[in-house]
Amino acid sequence: MRHAPIDKKRRHLLKALATASAAASVSGPSWANMALGKADLIVTGGTFHTMDIATSNAQAMAVRGNRILAVGSIADINDLAGPGTRRVDARGLTVTPGFIDAHSHPLMANEAISVDVNVRQISKVQSLLKQQAQRTPPGQWVLAHMYDDTKFDEGRPLTRQDIDAVVPSQPVMVRHRGGHTAVVNSQAFAIAGIDNNTPDPEGGRFFREDGQLTGKVAERAMFIFDEVGEWPAVDRETNRKGASLMTKRMAASGLTSTTDAFGDLEGWVSYMDALDAGELYTRIAYMPGGNTAAYETMKKAGMRSGFGNAMLRVGAVKYAADGSASERTMRMSTPFEGTDDYGILTMSQEQIDSAVDDAVANDFRIGIHANGDVTIDMVLRAYERVLKDWEGVNPRFRIEHCSLVNPLLLKRIKATGTIPTPFYTYAYYHGNKWVDYGSEKMRSMFAHRSFIDEGIMVAPASDFTPGPYEPMMALQSMVTRQDSQGRVWGDNQRITAAEAMQVCTVNGAYASFEEHDKGTLTPGKLADFVLLGQDPLKTDPNALKDIPIVATYLDGQAVFEA
């Protein structure tokens, strides 16, 4: 361990983060300077939820340039109008800060080379795969995404035999929407040299029934297929269009900021190209994947967390230390219901420690994917070791997902100032999967109530594609803890609609050190806001997901209008 150099780097990272935070606090024009000019935009007539106690009685809002000029009474705001001021009549609507997603994967689907199989019958998956194979050059991988094993009418998962029946001669990979498992066909196993006797790789698994490969592969076992066969390629322009399309869809849901939580070099270029073309519709916090070319390149170039601008900024480096909640591979201290399966670790304690040391030494914050209680404990050990002699404010290290907690883990998360990012739409959307955890364990999963009660700044996270990204669904999921069939999972973890709004705005900004720029409707902050068709604080909790998004504004400009 290089403790002396790391101690020096700790202070350096701390200084850099503190400087960035201070700079953000003064990056917008002050009220005194802004008040000298007239408003470019005035919004009046709606119910305002500013998420800021100081402006909680607002009746109207003025925008100048890309910043909020003022919030206050209608009379005061109207005094800021000039001959060129645009008006938005929000009567009957609710005005809120733009919503923030602190953990997603906007580019994961890659629809240019992969077919969407988010359907409800295995026969429809087969039909889509057959069509995709006909579009794919002979010998190349046939790819599909958004597969969900628990949503088929047949009541069973997809198997390699299902795929073999329609695509026998080309390798096929059907990726689960969660990203941690896939189903491949017999040809894929053949070109990879894998048979029924092949041992599982470290940190991965080939699933079997009665000694026969089922086609399901998990975690590091998926990486083996990356090295064999011919994979489809996409060009730079296609990638740019993909970034534009996904951020436009997200903006239509009310999101003004999202996070790419395992970025690669192609992704960074895609966002840059979309931004240059004026077609990036949400702000992006870009978390380079650990042990990737993106992270190595950024380190060599001297880039660090906070580099960039208000539209595209480098966040924490991201690692993954265990499996998935939705795909039932996360590492826990107790097994899944009715099994002796405790899940999968994908990093050792030594590897986690090394990743944290490297991030700190290179002025990066870090976020480590840890779903299960065993893995969360391992990540906290690494954070506690580094933070022991830390000087000054906390760097807000993150635990991505942080799904299964207990009272001791909660206290350690609070003591280290760690930011947890539990799934915010999962209770509602993935109900069939929670049967494998059991009702008692679900009382300690996606623990928004426990985090809030402990005083922890719990962040909003969809993990899209694994989970839907729509903020209105997130509000309903966190408030009701009911799934789409009406089953309740962990009623003790319910939070109020106001608390859920706080998570999705204020806490989202805090998670990326951007609370001085966004998260509330406060003078000087970025003019990111949403017009909702109903008031979330007065809507039936079971109808929150159906609240219409009337318009989304980024920098005071509409990027979506219904």
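Visitor: What volume does the second largest pocket have, and how should I read such a value?

Guide: The second largest pocket has a volume of about 590 Å³. This is a predicted model, in which local features need pLDDT of at least 70 and side-chain atom pairs count only at pLDDT 80 or more, whereas totals for chains, interfaces and linings use all residues. Residues are numbered from 1 along each chain as its sequence is written, and side-chain values use heavy atoms, with hydrogens and water left out. On a 1 Å grid over the protein atoms alone, a pocket is an open set of points with protein on both sides within 12 Å along at least five of seven lines, a cavity is a set where a 1.4 Å probe fits but cannot get out, and lining residues have an atom within 4 Å of a point. Points are joined across faces, edges and corners, and the volume is the space filled by probe spheres set on them.

Visitor: Which residues that line the second largest pocket are the closest to its centre?

Guide: The lining counts 25 residues, and those closest to the centre are Pro157, Phe207, Glu209, Thr214 and Lys216. Strands β11 (181-184), β12 (204-209) and β13 (212-219) each supply at least two lining residues; strands (E, at least two residues) and helices (H or I, at least four) are DSSP runs numbered from the N terminus. By class, this lining has 7 nonpolar, 8 polar and 10 charged residues, where Ala, Val, Leu, Ile, Met, Phe, Trp, Tyr, Cys and Pro count as nonpolar, Asp, Glu, Lys and Arg as charged, and the others, Gly among them, as polar.

Visitor: How many cavities of 30 Å³ or more does a search of the whole structure find?

Guide: The search finds 2. The largest has a volume of about 50 Å³, and its lining, which includes Gly98, Thr256, Asp517 and Lys525, divides into 2 nonpolar, 5 polar and 4 charged residues. The second largest cavity, at about 30 Å³, has 6 nonpolar, 3 polar and 1 charged residues in its lining, with Phe423, His448 and Arg481 among them; helices α14 (426-429) and α17 (471-480) each supply at least two of its lining residues.

Visitor: In what order do the strands of the open sheet that contains β17 lie?

Guide: Strands of a sheet pair through backbone hydrogen bonds, either parallel or antiparallel. Here the 4 strands follow the order β17-β18-β19-β20, with parallel pairing, where two strands pair if DSSP finds at least two bridges between them. The edge strands, each pairing on one side only, are β17 (317-320) and β20 (419-421), and the twist averages 25° from one strand to the next. Between β17 and β18 (residues 366-370) there are 4 bridges, and Val317 stands opposite Ile366 in β18.

Visitor: Which strands does helix α11 lie across?

Guide: Helix α11 (residues 349-361) lies across β17 and β18, running at about 160° to β18, while helix α12 (residues 373-387) lies across β18 and β19 (398-401), also at about 160° to β18. Axes are lines fitted to C-alpha atoms, for helices over the stretch in contact (heavy atoms within 4.5 Å), and angles run from 0 to 180 degrees between N-to-C directions.

Visitor: Is Gln502 buried, exposed or partly exposed?

Guide: Gln502, which sits in helix α18 (residues 497-511), is partly exposed because its relative accessible area is 31%, given that buried means under 20%, exposed over 50% and partly exposed in between (1.4 Å probe, protein chains only). Leaving aside neighbours within four places in sequence, Gln502 is in contact with Met51 and Asn507.
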